[in-house]
Amino acid sequence: MALELKLYDTLTRSKRVFAPLDPTNVRMYVCGPTVYDFAHIGNARPVIVFDALFRLLRHVYGEAHVTYVRNVTDVDDKINARAAERGVSIRALTEETYARFKEDVRALGCLEPTVEPRATEYVVNPSAKIDMVRLIERLIAGGNAYVAEGHVLFAVSTMPDYGKLSRRSLDEMEAGARVEVAPYKRHPMDFVLWKPSKPGEPAWDSPWGRGRPGWHIECSAMSGALLGETFDIHGGGIDLVFPHHENEIAQSRSAFRTPMMANFWLHNGFLQVEGEKMAKSLGNFVTIRDLLKDWPGEVIRLNMLRTHYRQPMDWTTKGLEESRKVLAAWYEIVGDDTEPEGHPDPQFLHALCDDLNTPAAVTELHRIAGSLRGHASGAAQLALKRALKASAMLLGLLTQTRREFIASDPRAINVDEEKVASLIQARAAARRARNFAESDRIRDELARMGVVLKDGKDGTTWEIAR
Ligand code: AMP
Ligand code: ZN
């Protein structure tokens with residue numbers, strides 16, 4: 001029987017059975033990074049979570065039948081300000097930041113999305129199915145947008161469903177709006193599609209003068225160009241529900257005259273650090289890059305996936321230490337053999353198919369690992385080992401050998417593996433000769449190097465002490 005996947009949809013506030021609009025091309029769009037600074041561990045959450053979903057979709061529908069688009073926001077006022085501050089060109093800043101982002105998320109075991117479009121490439125792009133300028137032209141022609149003082153604004157009053165995703169009425173929004181409303185707006189909630197650029201700011205020629213796009217229009221244009229007018233899944237952090245995703249829906253549905261933009265809206269919960277909101281001022285701003293100096297990428301990844309994506313999450317060193325122990329124990333089981341791959345465990349898959357319940361899936365991995373300890377040897381053991389490896393690999397875990405994992409630990413880099421191996425041999429020889437004083441001395445020498453020995457029936461293995 002085919003796997004039944006259920007996903008929680010923010011728009012309907014319900015868990016629904018996922019049925020692709022086109023099973024030969026399952027289409028997902030996720031809002032990507034604004035490239036002006038190193039990505040922090042909060043930014044890593046949607047990247048890892050939607051990578052896990054991408055992997056699951058590929059498993060269920062076949063690799064060739066899933067298209068995952070994650071955009072790069074490389075035009076933004078924060079980018080302009082940072083480039084000016086650092087005295088570098090905007091292009092140099094965005095290229096450098098994006099290259100670092102790619103390195104960071106690769107180290108966290110994330111696959112490359114099918115397409116990673118840059119916003120600047122879709123402002124005016126005659127070879128694309130749609131671009132931002134054409135989308136805005138359509139909105140004006142259809143009566144959904146108007147030009148005022150060099151700006152183009154979306155008229156929210158023309159969108160009867162405006163507020164449906166975030167469940168707010170226009171009146172409530174208006175009452176809650178603290179921002180000073182620009183005098184040229186017809187309605188306080190009308191939002192910018194296009195704005196004029198001052199000298200030195202990025203600018204494109206348009207029917208409304210030289211200027212640049214607002215933030216929301218980029219995702220409507222790129223998803224429309226690469227995935228079509230309607231597609232299966234749209235994702236991002238919970239903070240994007242309003243106004244970003246609400247406005248994307250208003251733009252895309254009004255321009256394309258469709259009843260929906262995406263069939264499912266998925267949002268990850270927020271992450272805080274050691275019980276506090278992450279902020280530079282609090283000194284608890286953790287970049288992916290800093291974490292990778294202390295922890296293997298898979299440890300960071302497992303730690304992220306041990307919490308369900310919709311739950312708020314507290315990022316702690318204690319959690320990382322636990323995740324490291326869990327992975328080390330699993331690597332101990334699967335070892336160094338590069339055996340032919342097995343199949344993911346059915347109960348593990350069942351957990352993932354229940355709204356990407358990764359903590360339940362991790363519990364299933366513990367169950368498999370536990371039953372392996374019970375089996376003496378033989379075919380059952382091998383099958384379980386393979387199931388553990390294949391299941392974990394589906395989540396982007398246990399992708400290395402045990403040795404590679406140990407070596408990938410940043411705190412292990414100073415350990416000379418050959419020296420460890422020869423000391424272990426010398427210790428084994430001393431033990432065979434019943435020279436226990438010498439074998440204890442070697443054990444102590446290794447301990448001083450930070451290496452802990454484990455004697456098993458198949459010989460001695462080692463790991464890095466914590
Ligand atoms: P930004 O680069 O700020 O546009 O954010 C990129 C992505 O990271 C968006 O999907 C945000 O919702 C998400 N994000 C930012 N901060 C956090 C956080 N603390 N926890 C979870 N997701 C976050
Ligand atoms: Zn977006």
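**Aromatic contacts and the zinc site**

Phe18, Tyr61 and Phe264 form a single aromatic cluster in this predicted model. Phe264 also takes part in a contact with a charged residue: Arg16 lies over the face of its ring, at 4.1 Å from the ring centre. An arrangement of this kind is found for Arg186, which lies over the face of Tyr146 at 3.9 Å from the ring centre.

Eight aromatic pairs were counted. Among them is the pair of Tyr331 and Phe405, which is stacked, with 4.5 Å from centre to centre and 15 degrees between the planes. Tyr331 belongs to helix α10 (residues 317–334) and Phe405 to helix α14 (residues 402–408); the two residues are 74 residues apart, and the pair thus links distant parts of the chain. Both Tyr331 and Phe405 are buried.

The zinc ion (ligand 2) is coordinated by Cys31 (SG), Cys219 (SG), His244 (NE2) and Glu248 (OE), at 2.0 to 2.6 Å. Along the chain, these donors follow the spacing C-x187-C-x24-H-x3-E. Cys31 is located in the loop between β3 (26–30) and α1 (41–61), whereas Cys219 is part of helix α6 (residues 215–227), so the two cysteines tie together parts that are 188 residues apart in sequence. Both Cys31 and Cys219 are buried. The angles among the four donor atoms of the zinc ion (ligand 2) run from 73 to 131 degrees, and the site is classed as irregular.

At the level of the whole protein chain, the division is into domain 1 (19–271), domain 2 (316–408) and domain 3 (417–464). The centres of domain 1 and domain 3, taken over C-alpha atoms, are separated by 57 Å.

Key
Residues are numbered from 1 along each chain as its sequence is written. Chains are lettered from A and ligands numbered from 1 in the order in which they are written. This is a predicted model: local features need pLDDT of at least 70, side-chain atom pairs count only at pLDDT 80 or more; totals for chains, interfaces and linings use all residues. Side-chain values use heavy atoms; hydrogens and water are left out. Rings of Phe, Tyr and Trp (its six-membered ring) pair if their centres lie within 6.5 Å; planes under 30 degrees apart count as stacked, over 60 as edge-to-face and the rest as tilted. Helices (H or I, at least four residues) and strands (E, at least two) are DSSP runs, numbered from the N terminus. Buried means under 20% relative accessible area, exposed over 50%, partly exposed in between (1.4 Å probe, protein chains only). A charge sits over a ring if NZ of Lys or CZ of Arg is within 6 Å of the ring centre and within 35 degrees of the ring normal. Domain bounds come from an automatic or database domain assignment. Donors are N, O and S atoms within 2.8 Å of the metal (3.2 Å for Na, K and Ca); water is not among the atoms, so sites may look incomplete. Four donors count as tetrahedral if all angles lie between 85 and 135 degrees; four count as square planar and six as octahedral if opposite donors are over 155 degrees apart and all others between 65 and 115; anything else is irregular.
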